[in-house]
Amino acid sequence: MKDLISDEREPQAESAASTEIDHNEVCPDTVLDIAMQHFAADGFADTKLENIAKESGMSKRMIHYHFGDKRGLYNRCLAKAVTYLRPTQEEVQLDTTVPVEGIRQIVEALFRCFVVHPEAVRLLVMENLHHFGKVTDRRILSDKSEVILQLDKLLMKGQDSGAFRPGISAQDVFTLIVSIAVFRISNRSITMNLYGVDTMDEENTAGMARLASDATLAFLTSNLKSTSDAVSYLTVSLGTETELIDESDSTYDISGTVFE
């Protein structure tokens, strides 16, 4: 994974290139890429359609035509950010039947997406904190990638053969991988200040990719005794809309048996 960082783009790279585009030939995807940079850097309230129009070359009138209002453009950016952070169908087509190696390939493909698209990570982190798009309504976003399906197949094969322990779902594994990939970007400044570790430099990017892979495989192959009969650490809400937690209260009632 040593070449992971070579694919990473700085936020200004696409924006600068986009200014050379013929104004009469600007496509909506170009506008989305530029808008994503603005929303990720400035937030929803401080992002101006005028700036996006000027940088992209698409008039405000045409932006409204393609995306509706600013919130419509923002929600489309969220949807594209999700797409950017999922491997393509080709990237998750495995060239091995060995579950451990298959998991390793999935981790690498998924982690690479987060390296290549830091602006998408920042945008989704900001949405999770501020809820501008109110995406607890599941109709706004969807995950059409095959990464969860492929993880599920590998887990079934590994658990059936005894290579992986039971009680772990594809969503559990996905959450573990993404947590490390997001930390690399969202906690960079504080980690540099406190510990002198630049999580986004070349050496530490490769190190965190290995950390994601090794942590995932250790999680799957450890001899930890399960404290529950559940088939997953996580559960899926049944409703179409999930009520947001009151984040002013950070206390949760967690049974002490969880840590035994």
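This is a predicted model: local features need pLDDT of at least 70, side-chain atom pairs count only at pLDDT 80 or more; totals for chains, interfaces and linings use all residues.
Biologist: Are α9 and α11 roughly parallel or roughly antiparallel to each other?
Modeller: Angles over 145 degrees count as roughly antiparallel. The angle between α9 and α11 is about 160°. The two helices are therefore roughly antiparallel.

Biologist: Which residues of α11 does α9 meet?
Modeller: Good one to follow in the structure! The α9 side of the contact consists of D172, V173, L176, I177, I180, F183 and R184. By class, the contact of α9 with α11 has 11 nonpolar, 2 polar and 2 charged residues.

Biologist: Is T235 buried or exposed?
Modeller: T235 sits in the segment after α11. Exposed means over 50% relative accessible area. Because its relative accessibility is 74%, T235 counts as exposed.

Biologist: How far apart in space are T235 and S169?
Modeller: Along the sequence, 66 residues separate T235 and S169. From C-alpha to C-alpha, the distance in space is 9.8 Å.

Biologist: Which residues does I63 touch, leaving out those up to four places away in sequence?
Modeller: I63 belongs to the largest nonpolar core, which has 57 residues. Together with L73 and L123, I63 touches the most other members of that core. With residues up to four places away left out, I63 touches V31, L49, I52, A53, M58, G68 and L73.

Methods:
Residues are numbered from 1 along each chain as its sequence is written. Side-chain values use heavy atoms; hydrogens and water are left out. A nonpolar core is a set of buried Ala, Val, Leu, Ile, Met, Phe, Trp, Tyr and Cys residues joined through side-chain atoms within 4.5 Å. Buried means under 20% relative accessible area, exposed over 50%, partly exposed in between (1.4 Å probe, protein chains only). Contact means heavy atoms within 4.5 Å. Axes are lines fitted to C-alpha atoms, for helices over the stretch in contact, and angles run from 0 to 180 degrees between N-to-C directions. Helices (H or I, at least four residues) and strands (E, at least two) are DSSP runs, numbered from the N terminus. Angles under 35 degrees count as roughly parallel, over 145 as roughly antiparallel, 65 to 115 as roughly perpendicular and the rest as oblique. Ala, Val, Leu, Ile, Met, Phe, Trp, Tyr, Cys and Pro count as nonpolar, Asp, Glu, Lys and Arg as charged, and the others, Gly among them, as polar.
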